[in-house]
Amino acid sequence: MEMEADDYRKNAQEIIDRKDYFNFKCIRIFENIAYAVYNLKSDITENGNLKNKNWNESVFFRKINRKWKIELIHSMPIAVQEKSTLKRITPIYKATCYQKHLTPIGQ
């Protein structure tokens with residue numbers, strides 16, 4: 001805890017501005033359980049330097065005492081790369097929020 005407190009104190013003078021952009025792919029609710037899948041893009045300016053970040057995220061919620069609480073968040077960072085260095089990856093399976101099972105590509 002003390003190391004975290006020192007880190008916060010050290011960075012207290014930084015000026016940070018963050019703008020978040022959400023692109024929701026799907027939201028599903030089943031009684032007191034729900035989940036959402038979305039892409040999150042952030043423009044983060046720290047002391048005048050702009051950084052762009054991008055994540056694919058999924059969140060599970062549980063309704064407790066009539067309020068939705070976050071049960072689990074999974075976040076997968078997406079690296080920002082030059083187009084010339086990107087490798088083509090052929091997916092084997094596709095999945096959507098509307099399917100219960102993975103469907104092989106081409107079927």
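Modeller: A salt bridge is a side-chain nitrogen of Lys or Arg within 4 Å of a carboxyl oxygen of Asp or Glu. This is a predicted model: local features need pLDDT of at least 70, side-chain atom pairs count only at pLDDT 80 or more, and totals for chains, interfaces and linings use all residues. Residues are numbered from 1 along each chain as its sequence is written, and side-chain values use heavy atoms, without hydrogens or water.

Biologist: Which pattern does the protein follow along the sequence?

Modeller: Start with the elements. Helices (H or I, at least four residues) and strands (E, at least two) are DSSP runs, numbered from the N terminus. The protein has one helix and six strands. Read along the sequence, the pattern is α-β-β-β-β-β-β.

Biologist: Which residue in the turn between β1 and β2 has a positive phi?

Modeller: β1 and β2 run antiparallel, joined by 14 bridges. Along them, Ile-27 stands opposite Ala-36 in β2. The two strands form a hairpin with two residues between them. The turn residue with a positive phi, about 55°, is Glu-31.

Biologist: Which residue in β3 is the bridge partner of Leu-40?

Modeller: Look at β2 (residues 33–46) and β3 (residues 49–64). They run antiparallel and are joined by 14 bridges. Leu-40 has as its bridge partner in β3 Trp-55.

Biologist: How many salt bridges does the count come to?

Modeller: Side chains of opposite charge can pair when their charged atoms come close. One of the salt bridges here joins Asp-17 and Lys-19, at 3.0 Å from N to O. Another joins Lys-51 and Glu-46, at 3.7 Å. By the 4 Å rule, the count comes to four.

Biologist: How far apart are the closest N and O atoms of Arg-62 and Glu-71?

Modeller: First, the surroundings. Buried means under 20% relative accessible area, exposed over 50%, and partly exposed in between (1.4 Å probe, protein chains only). Arg-62, at 31%, is partly exposed, and Glu-71, at 47%, is partly exposed too. Their closest N and O atoms are apart by 3.1 Å.

Biologist: Which element gives the most to the nonpolar patch?

Modeller: Patches are made of residues with over 30% relative accessible area and no salt bridge; like charges are joined within 9 Å, nonpolar side chains (Val, Leu, Ile, Met, Phe, Trp, Tyr) within 5 Å. Areas come from the Shrake-Rupley method with a 1.4 Å probe, and for residues only the protein chains shown count as cover. Phe-22, Phe-24, Ile-27, Ile-29 and Trp-68 make a nonpolar patch of about 530 Å². With four residues, the element that gives the most is β1.

Biologist: What is the angle between the planes of Phe-22 and Phe-24?

Modeller: Rings of Phe, Tyr and Trp (its six-membered ring) pair if their centres lie within 6.5 Å; planes under 30 degrees apart count as stacked, over 60 as edge-to-face and the rest as tilted. The count comes to five aromatic pairs. Phe-22 and Phe-24 form a stacked pair, 5.9 Å centre to centre. The angle between their planes is 15°.

Biologist: Which residues do ring pairs link into a cluster?

Modeller: Phe-22 is partly exposed at 45%. Phe-24, in strand β1, is partly exposed at 45%. Ring pairs link into a cluster Phe-22, Phe-24 and Tyr-38.

Terms used: Pairing = 2+ DSSP bridges.
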